Amino acid sequence: MIRLEKRPQPSRLWTILTPLLAVVLTMIVGGIMFALLGKPPLEAIRTIFWDPLFHPQFASYSRPQLLVKAGPLILIAIGLSIGFKAGIWNIGAEGQYIIGAVTGAAVGLAFYPSESVLLFPLMVVAGALGGWAWAMIPAVLKTKFGTNEILVSLMLVYVAENILASASSGWLRNPEGMGFPGSRNFKQWAAVHNDELITGTGMHWGVVAALIAVIAAYVLMARHIQGFNIRLSGEAPRAARFSGVNPSRIVFLCLGISGALAGMAGLFEVTGPAGQITIDFGSGYGFTAIIVAFLGRLHPVGILLAGLLMALTYIGGELAQLMLGLPGASIQLFQGMLLFFLLATDVFTNYRIRFAKRELA
Amino acid sequence: MDPVLLVASIMVSATPILLAAIGEMVVEKAGVLNLGVEGMMITGAVVGFAAAVSTGSPLVGFAAAALASAVLSLSFGFLTQVLLSNQVATGLGLTLVGLGLSALVGASFEGVRAPGMHKLRIPLLADIPVFGPMFFRHDVMVYVSLLLVLAVWAFLKYTRAGLILRAVGEDHESAHALGYKVVRVRMAAIFFGGACAGLGGAYVSLVRVPQWTEGMTAGAGWIALAIVVFASWRPLGVLIGAYLFGGVTVLQLNLQAAGANVPVELLSMSPYLITILVLVIISARGVHGAPGSLGRSFHAST
């Protein structure tokens, strides 16, 4: 008879081991899946996890891509993790990311063709504010009416997608684009182009912001009283209230931070790697960031590593599509499985497994 | 627009959400919050479509969809009930897995048409003028969904098993102390919820749209979750909620088709906006009726 015994404290060792175990399990089950699809499993795994970094031919192209893809994931996941710690489930980061991109781009395009150095910072602020405002909707509804933030933030993703559609085909459409949907291309507008800062690294302003966010989140959660309040609200809401923590303020703080970071990520993406507002610019980061947040154990440094790993699966997935004809969707499934295995193996973190005979009642 | 056609299309539009929502309501009544409805629905949509296309029988498709989603939901059950993982996170994981899985399985079915579903003419009733074509000339799944609501209502209200299920959801410690198998009851509820979500998904791909496109459930699973809240965890409320939502969807589609002087995007987002609005009104009223142990993990030795 297998019995679970709750640990007084989550095991520190297993907190670090479970993500690794989850990756190994995902590789095994993913390998089986690839074999079922008629692809060589070992080669597929190698193509996804090894070749983007070390293959003599591809690595020079794909290594910089690692930071390009990881930047937005880390930035969004850092924000989400702060909320998750407090038990505030912002599932709508995808919407905040889209709205941030749209508002930031709209502010920039209003000044076209200005070459002012102030323009790009202004757009970043506008993007962050856009994402923040979008996240304030579930925050206000939760604190004023007790509305569930999971459902509201998610519904707002579909609303944001429609706003994006109307922006790219209507009010932000390139007037010189001969009627094609999509805004002006930011890559052709030097003042606002979010280009690589050091050639060949893939590091753009979004990556810099992500690294700053990692450090800031670490300081907030480990050293600052608000970070303590956030953790307390998640672990012991009643105790938090007795100690004078205002639950509404925590909701506004957590949703505000994650919305602003997601909005910023959207602006960096649209002015950089994506290049323009289109109906499907870099979508999906908002949802993948949820996996990144959990895989990083809601810890800033963990999220940094998890973001890089998840970026690797994107790049390796593209490579595997190209080299082995692996369907693109299998990578999405791969990422989902990773979260699933992580949650499953988490049992070791919080419980001891005891093999004992059934005792007489 | 012809009111007969309007009511008939509202019923078709409401059925997938009704099926998913009534299943989720049972799950939540047992005290489990499964946020994976969207993932189970999309899995049902693709499996149902694949099975129906390869056998030529929509009914086989529905059966396969129910089974596939129910089996998928057991993975959620195993994680949350046996390994005691966080229900919110695990439900999200289930949705992500379902979206990936369906895209993978469905890739080879893009552009194929689903086999048609016979309309069932209910004898005598179908011949009533106006009401006949409105209510009694639908495919069999519309009636199955309505009967399911009735069955769930009767089960929860009048049977012993239903009472145990509610007890487990209301207070799992007491239910356990009384000797009821909390985990087993919850697993059964999760399985049932999965099957219902699968049927709902298959209805989208086999009847509502009759084809497969990636991500075609487009948030229907999340709306089903919202409708359970709207319904205050009552079967009749689920029915009303699903039909109201179906009505909004059909109306906005009709306005789009009629070329109304409103931006198309505004019309497309209206079902989601109205869902938010309804959630606000329900929450503001303050009467929730949520089961007491909803979303909490149960571990016998603690």
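**Close-up views of a predicted two-chain model**

**View 1. The contact between chain A and chain B in this predicted model.** In contact, which here means heavy atoms within 4.5 Å, are 40 residues of chain A and 45 residues of chain B. The area buried between the two chains, taken as the accessible area (1.4 Å probe) that two parts lose on being put together, summed over both, is about 3500 Å², and carbon and sulfur atoms give 83% of this area. Of the area that chain A buries against chain B, L151(A), M155(A) and F340(A) supply 20%, more than any other three residues. Residues are numbered from 1 along each chain as its sequence is written, and chains are lettered from A in the order in which they are written. Local features need pLDDT of at least 70 and side-chain atom pairs count only at pLDDT 80 or more, whereas totals for chains, interfaces and linings use all residues, and side-chain values use heavy atoms, with hydrogens and water left out.

**View 2. Elements and polar pairs on the side of chain A that touches chain B.** Between chain A and chain B there are 0 salt bridges, a salt bridge being a side-chain nitrogen of Lys or Arg within 4 Å of a carboxyl oxygen of Asp or Glu. Across this interface 1 residue pair is in polar contact, with both residues at pLDDT 80 or more; the term denotes a pair of N or O atoms within 3.5 Å, of which, within protein, one must be able to donate a hydrogen and the other to accept it, and residues adjacent in sequence count only if both atoms are side-chain atoms. The elements giving two or more residues to this side of chain A are β1 (2-6), α6 (119-145), α7 (149-171), α12 (285-295) and α14 (329-345) of chain A, where helices (H or I, at least four residues) and strands (E, at least two) are DSSP runs, numbered from the N terminus. The largest share, 13 residues, comes from α7(A).

**View 3. A salt bridge within chain A.** The side chains of E5(A) and R352(A) meet in a salt bridge at 4.0 Å, N to O. This pair links distant parts of the chain, 347 residues apart, with E5(A) in strand β1 and R352(A) in strand β2 (residues 351-355) of chain A.

**View 4. Helix α3 of chain B.** After α3(B) comes L84(B), whose phi is positive, near 55°.

Terms used
The expected span of a helix is 1.5 Å times one less than its number of residues.
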